[in-house]
Amino acid sequence: STSFSLSGRKEEARVGVSIGVAVYPADARDMDALVKAADTAMYSAKQSKNCFRFFAATDAAPDARLGA
């Protein structure tokens, strides 16, 4: 994370990013399933903080992987 000053105040703020990536059609065949896959990957990224993770098919039930 990066720290920065807010409007010249003495307080600092820290911002971090955790990103989940899902790929169509490899990870899901419809939008809802693709968003769920990306959300699963993001949750995994949040465990390590400030990184990105690709969806791993082993992290979800078979119907979620297929977009059913």
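Of the 68 residues in this chain, 15% count as buried. The model is a predicted one.

**Exercise 1.** Work out which helices and strands the chain has, and in what order.

*Solution.* Start with the count: the chain contains four strands and two helices. Then read along the sequence, where the pattern is β-β-β-α-β-α.

**Exercise 2.** Decide whether D27 is buried or exposed, and find where D27 sits.

*Solution.* First, the location: D27 lies in the loop between β3 (19-21) and α1. Next, take the cut-off, which puts buried residues under 20% relative accessible area. D27 has a relative accessible area of 11%, so D27 is buried. Last, look at the side chain of D27, which reaches the backbone nitrogen of V23 at 2.7 Å.

**Exercise 3.** Classify D39 by accessibility, and place D39 in the chain.

*Solution.* D39 belongs to helix α1, which covers residues 31-48. Partly exposed residues fall between the buried limit of 20% and the exposed limit of 50%. The relative accessibility of D39 is 44%, and therefore D39 counts as partly exposed. To finish, compare sequence and space: D39 and A22 are 17 residues apart in sequence, and their C-alpha atoms are 8.5 Å apart.

**Exercise 4.** Describe the contacts and the surface of the whole chain.

*Solution.* Begin with contacts between residues at least 6 apart in sequence: 43% of these join residues at least 24 apart.

Note on methods
Residues numbered from 1 in each chain as written. Predicted model: local features only at pLDDT ≥ 70, side-chain atom pairs only at ≥ 80, totals over all residues. Heavy atoms only, no water. Buried < 20%, exposed > 50% of the residue type's maximum accessible area, 1.4 Å probe, protein only. Contact = heavy atoms within 4.5 Å. Areas by Shrake-Rupley, 256 points an atom, 1.4 Å probe, with all protein chains shown as cover. Polar contact = N/O pair within 3.5 Å; in protein donor to acceptor, adjacent residues only side chain to side chain.
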